[in-house]
Amino acid sequence: MSIPLSIKWNGQQLTILDQQKLPHLIEYVTLETIEDVYEAIFSLKVRGAPAIGITAAYGLALGAQRHETVSLGAFQQYIKKDVSYLNASRPTAVNLAWALNRLQDKVSEATNVEQAKQLLLAEAIKIHEEDEASCRRIGEHALTLLEGRTKVMTICNAGSIATAKYGTALAPFHLGSERGRHFDVYACETRPVYQGARLTVWELQQSNVDVTLITDSMAAHTIKAKGIEAIIVGADRIAANGDTANKIGTFNLALLAKAFNIPFYVAAPVSTFDLEIEDGTAIPIEERNPEEITHMNGRPIAPLGTKVFNPAFDVTPSQLITAIITEKGIITADYQKNISRLLAASIRKGEKI
Ligand SMILES: CSC[C@@H](O)[C@@H](O)C(=O)COP(=O)(O)O
């Protein structure tokens with residue numbers, strides 16, 4: 001039993017765990033082209049904000065290898081086009097644009113095309129390695145916040161397979177398991193794509209974490225009946241005022257946490273902050289195929305032609321968030337002030353935000 005990984009780079013090839021096939025099949029697929037990478041992100045073979053960013057970074061670097069020009073100007077134009085192509089694969093997780101921008105900035109440091117190609121790949125690897133270290137630190141911080149609490153609820157999969165390793169919301173459970181600390185995790189199934197049932201339950205089982213599956217509509221009853229002591233979730237984009245977009249159903253859990261007077265934690269690396277967005281109203285929310293709701297295993301469960309609203313994410317207002325756990329430290333209200341303070345301190349140290 002060990003912590004599963006979803007993205008592997010062996011120096012030449014990018015392989016990802018096909019998360020659409022979990023938990024029945026553990027299958028790694030090789031992504032060779034930028035189109036392969038776009039498709040893998042779009043179809044949720046690879047998903048979760050940090051994992052999308054890392055995979056897109058490798059995708060841009062792989063795509064760059066095939067641009068045959070010696071003109072740096074022409075190469076930069078190709079990269080610009082590739083960046084907007086990959087950016088369109090999914091709209092909500094800002095880690096995608098963040099990673100691609102980081103790579104694009106590298107091209108401007110190059111003096112020739114060959115060097116630019118090398119810099120792109122090196123930056124993708126760096127982002128991958130940094131994310132693992134960030135998630136580990138998030139896990140350490142989360143463990144301190146969860147001191148004395150064992151019964152914790154989560155939604156979606158903000159785990160190892162949604163990142164380079166460890167995850168964000170699930171990091172304290174993996175680290176806890178390594179250290180013999182017991183958690184009793186309640187995973188919401190996370191309709192309509194079932195990241196909770198298919199991915200979180202599987203992932204935590206791989207790590208020997210005690211996990212219990214519930215349907216999303218059982219959350220309130222479970223908090224009461226089982227004495228849930230905290231809720232911890234991941235994030236896809238956090239606005240400057242702390243409003244947080246995460247998997248649909250997260251907002252419900254935040255409201256429940258308030259009603260039951262238990263802490264509601266958001267765990268995310270600083271690459272998930274979008275300071276260009278003042279508050280949650282400006283966060284783009286992905287709407288997905290209606291068949292995710294009207295069909296199950298390809299068979300209709302609603303009358304044909306049923307009108308559907310299928311947002312993949314919701315936005316939790318920062319007033320409902322007890323703390324945001326990052327690799328740089330734990331942020332509490334006043335979020336506006338404390339987020340910009342934390343990020344400004346990192347920028348001053350020369351870190352890439
Ligand atoms: C560490 S992953 C954080 C979030 O990306 C996660 O909670 C989430 O909402 C993922 O949604 P998904 O649609 O599966 O990509």
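Hi everyone, let's start at the ligand: 18 residues surround it, and the closest are Arg47, Ala49, Ala162, Gly234 and Lys247. A residue joins this shell if its C-beta atom, placed from the backbone, lies within 6 Å of the molecule. Two elements, α2 (49-65) and β9 (244-247), each give two or more residues to the shell; helices (H or I, at least four residues) and strands (E, at least two) are DSSP runs, numbered from the N terminus.

A word on the model: it is predicted, so local features need pLDDT of at least 70 and side-chain atom pairs count only at pLDDT 80 or more, while totals for chains, interfaces and linings use all residues. Residues are numbered from 1 along each chain as its sequence is written.

Back to the ligand. Domain 1 (7-133) and domain 2 (138-348) both contribute to the shell, so the ligand lies between them; those bounds come from an automatic or database domain assignment.

Now to Asp236, listed by UniProt under "active site" in an unreviewed entry; such annotations may be inferred rather than shown by experiment. Asp236 sits in the loop between β7 (230-233) and β8 (237-239). Is Asp236 buried or exposed? Buried, because 31 other C-beta atoms lie within 10 Å, and the cut-off for buried is 20 or more. Setting aside residues up to four places away in sequence, Asp236 touches Ala49, Thr92, Ala93, Ala245, Asn246, Thr272 and Phe313, where contact is C-beta atoms, placed from the backbone, within 7 Å.

Last stop, Leu86 in helix α3 (residues 72-87). Leu86 is buried too, with 25 other C-beta atoms within 10 Å. Beyond its neighbours within four places in sequence, its contacts include Ile34, Tyr38 and Leu100. Thanks, all!

Key
A residue is buried if 20 or more other C-beta atoms lie within 10 Å of its own, exposed if 12 or fewer, and partly exposed in between; C-beta atoms are placed from the backbone. Two residues are in contact if their C-beta atoms, placed from the backbone, lie within 7 Å.
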